[in-house]
Amino acid sequence: MDIILITGFSLSYADGTEGLKNITLGIPANQITVMLGPAGGGKSTLMRAINRLNDLADVISMTGSIIVDGLDVNDPKTNLVELRRKVGMVFARPVPLPLSIRQNITYGLEVAGITDKNRLEAVVEQTLKDAVLWDEVKDRLDSPGVALSGGQQQRLCLARTLALDPRVILLDEPTSGLDPISTAKIEDSLQLLKKRYTIVLAPHSVQQASRTADFAAFFLQGELIETARGKDLFTMPKDKRTQDYVEGRFG
Amino acid sequence: MKEQAPLPERIITRGIQAAGYSSILFVLLILYFLISEGAPAVFEVPLKDLLTVRWYPIEAYFGILPLLLGSLIVTLGAALIAIPAGVGTAVFISEVAPGWMKEILKPLVEVLAGFPSVMLGFLGILIVSPGLRQALRLPTGLTALTGSLLLAGIAIPTIVSIAEDALNNVPRAYREASWAVGATRWQTIWGVTLPAARSGVLMAVILGVGRSIGETMAVMMVTGNAPVMPLKWNALFSPIRTMTATIASEMGEVATGSTHYHVLFLIGIILFLISLAVNITATMIVFRRPKRSERILS
Ligand SMILES: Nc1ncnc2c1ncn2[C@@H]1O[C@H](COP(=O)(O)OP(=O)(O)OP(=O)(O)O)[C@@H](O)[C@H]1O
Ligand SMILES: [Mg+2]
């Protein structure tokens, strides 16, 4: 079953760039959907559109529709807070809030009105474990989140998103700052997490894409070129451009 | 060996040096003058007489406490009004107002920041003071509160302008990160944006309130000029007199070299020390070595 339905969606930036052109795509629940493609393909733009985070960016026009779990994202009546509790996002460049490690994780729960100390503590520990960060920070939960290394910040942001227990998690290059061992751990963790969540992933390499994908979509300069179940996109691509990309001839 | 700079370069360098040194020299001269005229007061009037509650120079009562307290009350009142109003306005302009409204409000604030204070005093006498008298049924509208309102009017544009800059400099990514975990716009402003802009906002408050401490004209025009001890609960609603107003109104008539003359300069020294303290605090906040976390942030 598709939890996100994108229909004829186009988006333009104020400088005239067509970020996305007429995208139609369904994202299956409780699977890992991989969006891949060369730089500037529109992967980040689409993720931000799903979470309605483009409001501060210089977007001048959006047409078409995005429905997340029955919620019309671009309907002015849609409750954005509700939407963002359903759809969590980890940005390509990690942005820890200017708070402590612990507060970074509890912030989203606290603004939702949850103040039960024991529950917050439990969430902090569980999500840091899911994000493979617990062992590195368990002794300094009160130091500032920005004092972590880039890769640790990335995992902190993943934990922060998991803390909200959303339906969908959008991960924009979540392992770009990580060493191969941590990357492998995160990928293993994602395989467990997909039982509970729908995961949308912009991978940082074609290898990662083919390792993790249950469903794959190839983006090129704002267009959706091809989609395929399982590993088919990597083993038998239909479009010449997809083939060139997955075989490493460009991008 | 050091290479010789071309002649025009050297002339320019020397010129700038001269300008820099001379301005330091002038400040030192002023300071010297202030101290040499004010210091004798300490010998002519014993400290215990200075620290009394009666200011009546004609009969040689030189108690400066009512003036000190007068300044304090007016400034404190101004700060209580100006800080929430100024920071609130800055938040509105930076975080809430739509783009076109920002384009109008920002230059408007800059214009207001340069508004001459005599004009404000004029408005105070014509509008604020009678308005206040009627609204609160006071015997006179020339009160400490009137002064506080005007000083707040002077401080607010400065606070708004600097605090708005500080908020603007908070990276957009912080706001988006906060929204992405389901925080509302107000939760984001209160929990993330304002704390991230903390030192800039603090600086805005200090500079704004600091500007109002030394302010003379507006305050002299509307506070009633009564050097009485503002101690009762209704001090804010009665006439008082500040240090600056005392100097400005009495300096013209005083005999040069008299005790009264020296005491007025002593008040000047006290004012100088207060604004020095404010400035040092402000500089320490802005130039203090940032903590590790903050360095990474910026
Ligand atoms: N704020 C913006 N203003 C104008 N153009 C933008 C903005 N953000 C992105 N773009 C443009 O939109 C297009 C798609 O960018 P996007 O960031 O979505 O690509 P991407 O697929 O995520 O690339 P990458 O793999 O490099 O992360 C690019 O041409 C980019 O220049
Ligand atoms: Mg991207």
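Four bridges, that is 4, join β3(A) to strand β9 (residues 215-220) of chain A, and the two strands run parallel. Helices (H or I, at least four residues) and strands (E, at least two) are DSSP runs, numbered from the N terminus. Two strands pair if DSSP finds at least two bridges between them. One position to look at is T33(A), which stands opposite F215(A) in β9(A).

The model is predicted: local features need pLDDT of at least 70, side-chain atom pairs count only at pLDDT 80 or more, and totals for chains, interfaces and linings use all residues. Residues are numbered from 1 along each chain as its sequence is written, while chains are lettered from A and ligands numbered from 1 in the order in which they are written.

Back to β3(A). This strand is also joined to β8(A), by 3 bridges, and that pair runs parallel. Here V34(A) stands opposite L201(A). How many residues of β3(A) are buried? The count is 5 of its 5 residues. Buried means 20 or more other C-beta atoms within 10 Å of the residue's own, exposed means 12 or fewer, and partly exposed is in between, with C-beta atoms placed from the backbone. I32(A), V34(A) and L36(A) are on one side of β3(A), T33(A) and M35(A) on the other, and both faces are covered. In a regular strand the side chains alternate between the two faces of the sheet.

Next, helix α7, residues 180-193 of chain A. The helix has 14 residues, which at 1.5 Å a residue should span 20 Å, and its end C-alpha atoms are 20 Å apart, so the two agree. The expected span is 1.5 Å times one less than the number of residues. Which residues of α7(A) are buried? They include T183(A), I186(A) and L190(A). These cover an arc of only 60° around the axis, which puts them on the same side of α7(A). The arc is that of the directions from the helix axis to the C-beta atoms. An α-helix has 3.6 residues a turn, so residues three or four places apart point the same way. On the other side of α7(A), I181(A), D188(A) and L192(A) are exposed. The buried residues of α7(A) pack against β3 (32-36), β8 (198-202) and α8 (206-212) of chain A. For packing, two residues are in contact if their C-beta atoms, placed from the backbone, lie within 7 Å.

The bridge partner of M89(A) in β7(A) is L170(A). V87(A) and M89(A) point one way from β6(A), G88(A) and V90(A) the other way, and all are buried.

There is also an open sheet of 4 strands in chain A, in the order β2-β1-β4-β5, with antiparallel pairing. β2 (18-28) and β5 (71-72) stand at the edges with a single partner strand each, so one side of each is left without a neighbour in the sheet. Strand β4 (residues 59-68) is joined to β5(A) by 2 bridges, and I67(A) stands opposite D72(A).

Two backbone angles to flag. Most residues other than glycine have a negative phi, and most peptide bonds are trans. V132(A) has a phi near 55°, a positive value in a residue other than glycine. V132(A) lies in the loop between α4 (117-130) and α5 (134-137) of chain A, and is buried, with 21 other C-beta atoms within 10 Å. E173(A) is not a glycine either, and its phi is positive at about 45°. E173(A) sits in the loop between β7 (168-172) and α7 of chain A, and is partly exposed, with 19 other C-beta atoms within 10 Å.

On to the ligand. How many residues surround ligand 1? There are 15, and the closest are Y13(A), A39(A), K43(A), S44(A) and T45(A). A residue counts as near if its C-beta atom, placed from the backbone, lies within 6 Å. Helix α1 (residues 43-50) of chain A gives the most to this shell, with 3 residues. The shell divides into 4 nonpolar, 8 polar and 3 charged. Nonpolar covers Ala, Val, Leu, Ile, Met, Phe, Trp, Tyr, Cys and Pro, charged covers Asp, Glu, Lys and Arg, and the others, Gly among them, count as polar.

Last, the interface. In chain A, 20 residues are in contact with 22 residues of chain B. On the chain A side, the elements giving two or more residues are α2 (80-86), β6 (87-90) and α3 (101-111). That side divides into 14 nonpolar, 3 polar and 3 charged.
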